[in-house]
Amino acid sequence: MCLAALLTGGCVKAPTRLQPYSEADEPEEKAYSKLSLKASGGSTENLAAWIRTPLESYFGYGADDEVEITCSADYQADIFIAINIPGCSSGINPEDLQADISQVTLPNLPAVGTICGYMLQRGPQTVQIQAYRPLAKITVGTVENRLEEPPYAGESIILDSLFVINGKGRFKVFDYDDLSGIENWFMPSGARGSGLGQMPLPPLAGTTLGGSSLAYGSSTALDKTLYTGPNHCIGEAYSREAGPGWTPRKTRVILACRIGGLRCYFPVTIDDISENTFYHIKKLTIKRFGVTAPDLPFSFDEESLTFELVEWEEVQIGEII
């Protein structure tokens with residue numbers, strides 16, 4: 001999803017600076033820029049734009065794919081673009097903007113873009129900015145039942161769901177210090193019970209497995225795909241099932257099962273997950289009972305987890321998805 005044509009993300013070389021406006025030139029008229037920004041392609045529910053000059057800031061918002069902003073000319077400016085940001089309100093500072101992805105679906109994922117040092121020329125102009133949707137894709141292939149731990153050895157496994165947990169359910173849209181895009185947009189904890197303060201699972205981060213039964217000694221191909229955002233978290237922590245409070249944590253892909261009539265979870269932890277990366281869990285071999293809450297530590301035997309990074313095969317020109 002990009003705006004107009006193509007500029008690289010982050011900072012770009014500013015156009016040649018015009019001569020500053022002087023009252024001697026036009027004694028009764030102030031110089032203005034009129035910027036038109038329009039999203040091209042993709043599903044656009046709303047578009048917000050901020051223009052920050054050394055003297056003041058300007059904001060524009062539209063419940064469609066186009067925004068026009070009139071601002072003072074002859075200044076270098078930083079420009080922020082946000083597409084499909086849930087709960088975006090008029091006048092909010094871009095560095096304070098938070099978004100809620102609890103009900104966001106894949107076609108309507110937020111996208112953001114920035115340029116810095118853009119020279120605001122006089123009169124109408126079209127600003128070209130590329131907006132990114134930073135995503136990581138996670139696929140889970142085969143699950144095999146090799147239960148050998150008493151008293152569950154030889155039992156069937158009921159496969160209920162597969163989902164991602166990851167940090168917090170709201171994310172900061174812009175980091176003004178370095179004009180970066182979306183950082184730390186995460187899925188909620190697996191602790192989704194009442195009173196735990198967590199958000200519903202976003203549709204793109206989970207899928208049902210229908211309660212299918214997997215007999216001992218057999219395997220099944222799940223071939224499910226989930227999406228999450230970047231998580232450059234190198235420290236480890238767990239949710240309140242394991243202790244008080246809520247802290248950033250590593251990404252986990254959770255297989256929710258029932259064994260012997262009891263609920264258990266098999267979390268696969270991914271360190272330092274990056275955008276535009278495809279994480280392929282080729283095979284999970286279940287040999288023992290899982291953990292009783294999805295955000296608790298679990299260690300697979302070395303031969304029980306086959307995991308690899310593969311090339312992202314769905315990159316579109318002008319877009320990171």
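Student: What makes S10 and strand S17 (residues 277-286) a pair?
Tutor: In this predicted model, nine bridges join S10 to S17, and the two strands run parallel. Two strands pair if there are at least two bridges between them, so S10 and S17 qualify. One of these bridges links Lys137 with its partner in S17, Phe278.

Student: How many bridges join S10 to strand S14 (residues 219-228), and in which sense do they run?
Tutor: Eight bridges join S10 to S14, and these strands run antiparallel. Val140, for instance, has Lys224 in S14 as its bridge partner.

Student: Why is strand S10 (residues 136-145) described as largely enclosed?
Tutor: A residue is called buried when its relative accessible area is under 20%. Nine of the 10 residues of S10 are buried, so the strand is largely enclosed by the rest of the structure. For the chain as a whole, buried residues make up 47% of the 321 residues.

Student: What makes S13 and S16 edge strands?
Tutor: Four strands form an open sheet in the order S13-S11-S15-S16, with antiparallel pairing. Strand S13 (206-214) and strand S16 (262-270) each pair on one side only, and they are therefore the edge strands. From one strand to the next, the twist averages 20°. Within this sheet, strand S15 (residues 251-259) and S16 pair in the antiparallel sense over nine bridges, and Ile254 has Pro267 in S16 as its bridge partner.

Student: Which residues touch the most other members of the largest nonpolar core?
Tutor: That core has 44 residues, and those touching the most other members are Ile138, Ile157, Leu159, Val253, Leu255, Ile259 and Phe266. The elements that give two or more residues to this core are S10, strand S11 (157-165), S13, S14, S15, S16 and S17. A second, separate core of 21 residues includes Ala49, Tyr58, Ile69 and Val127.

Student: How do you know that Leu255 touches Leu159?
Tutor: Contact means heavy atoms within 4.5 Å, so Leu255 and Leu159 must have heavy atoms within that limit. Leaving aside residues up to four places away in sequence, Leu255 also touches other residues, including Val143, Leu209, Leu222, Phe266 and Leu284.

Student: What share of the contacts in the chain with a separation of 6 or more comes from residues 24 or more positions apart?
Tutor: Residues 24 or more positions apart account for 74% of those contacts. The chain in which they occur has zero helices and 18 strands.

Definitions and conventions: Residues are numbered from 1 along each chain as its sequence is written. This is a predicted model: local features need pLDDT of at least 70, side-chain atom pairs count only at pLDDT 80 or more; totals for chains, interfaces and linings use all residues. Side-chain values use heavy atoms; hydrogens and water are left out. Axes are lines fitted to C-alpha atoms, for helices over the stretch in contact, and angles run from 0 to 180 degrees between N-to-C directions. Buried means under 20% relative accessible area, exposed over 50%, partly exposed in between (1.4 Å probe, protein chains only). A nonpolar core is a set of buried Ala, Val, Leu, Ile, Met, Phe, Trp, Tyr and Cys residues joined through side-chain atoms within 4.5 Å.
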